Amino acid sequence: MPTKSANTATTGTGTDTSSTDVQSKTEKDATLKMGNANVEKSKMKNAPLHKFFVDALKDIYYAEDAIVKALENMQEAATTEELKDAFEDHQLQTKKHISRLEKVFKSIGETPEKKKCDAIEGIIKEGQEVIKSTEEGTMTRDAALIIAAQKVEHYEIATYGGLVQLAITMGHDKAADLLERTLQEEEDTDYNLTEIAETYINFEAEQEN
Ligand SMILES: [Fe+2]
Ligand SMILES: [Fe+2]
């Protein structure tokens, strides 16, 4: 039967392939695979969403650096030890956020780079205004500083929350995990600041005249 003989012939050719041929085929496949991986990599790097993701990372990398300096000023300006301590603790965490971001850049084959973030500049400027417009040593200043700090946290929460989801979507598991850890710390900080405000600072501020 012609069909059967054709099948046999095909099988025969496959079985008779010499080891040299197999090796060269494997090498060829590997080269092809590497080629495909490179094509995939450059395709990924040129994808609009990837470009946006990297841009957003540069933005928050700049922001975290600016926040370290802002927290220093806020710590000095705060009235209560509790709030000073909270700012100091979060400053240390923020330094960790910076090194985590460097790992995120590396995990996706990008170089860590800062890009000026106008939003954080504005929020920090508002925090400085709060210091100028409130009296030193008052609870009103602390109440106002907490709100200023929470504006920073909310900006970070919005950014990291979005970046975690994008990293998951794009299959950047390691980046997603690192960003998620920072997101959790920002959320905890926001919660702690509310606790500090509500324990006594807001009440005492209300008594000031
Ligand atoms: Fe942060
Ligand atoms: Fe933060």
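The following questions and answers concern a predicted model.

In this predicted model, local features need pLDDT of at least 70 and side-chain atom pairs count only at pLDDT 80 or more, while totals for chains, interfaces and linings use all residues. Residues are numbered from 1 along each chain as its sequence is written, with chains lettered from A and ligands numbered from 1 in the order in which they are written.

User: Is H97 buried or exposed?
Analyst: H97 lies in helix α4, residues 81–107; helices are DSSP runs of H or I of at least four residues, numbered from the N terminus. A residue counts as buried if 20 or more other C-beta atoms, placed from the backbone, lie within 10 Å of its own, and as exposed if 12 or fewer do. Because H97 has 26 such atoms within 10 Å, H97 is buried.

User: With which residues is H97 in contact, leaving aside neighbours within four places in sequence?
Analyst: Contact requires C-beta atoms, placed from the backbone, within 7 Å. E64 is 33 residues from H97 in sequence, yet their C-alpha atoms are 7.2 Å apart. The contacts of H97 are E64 and T182.

Methods: Helices (H or I, at least four residues) and strands (E, at least two) are DSSP runs, numbered from the N terminus. Two residues are in contact if their C-beta atoms, placed from the backbone, lie within 7 Å.
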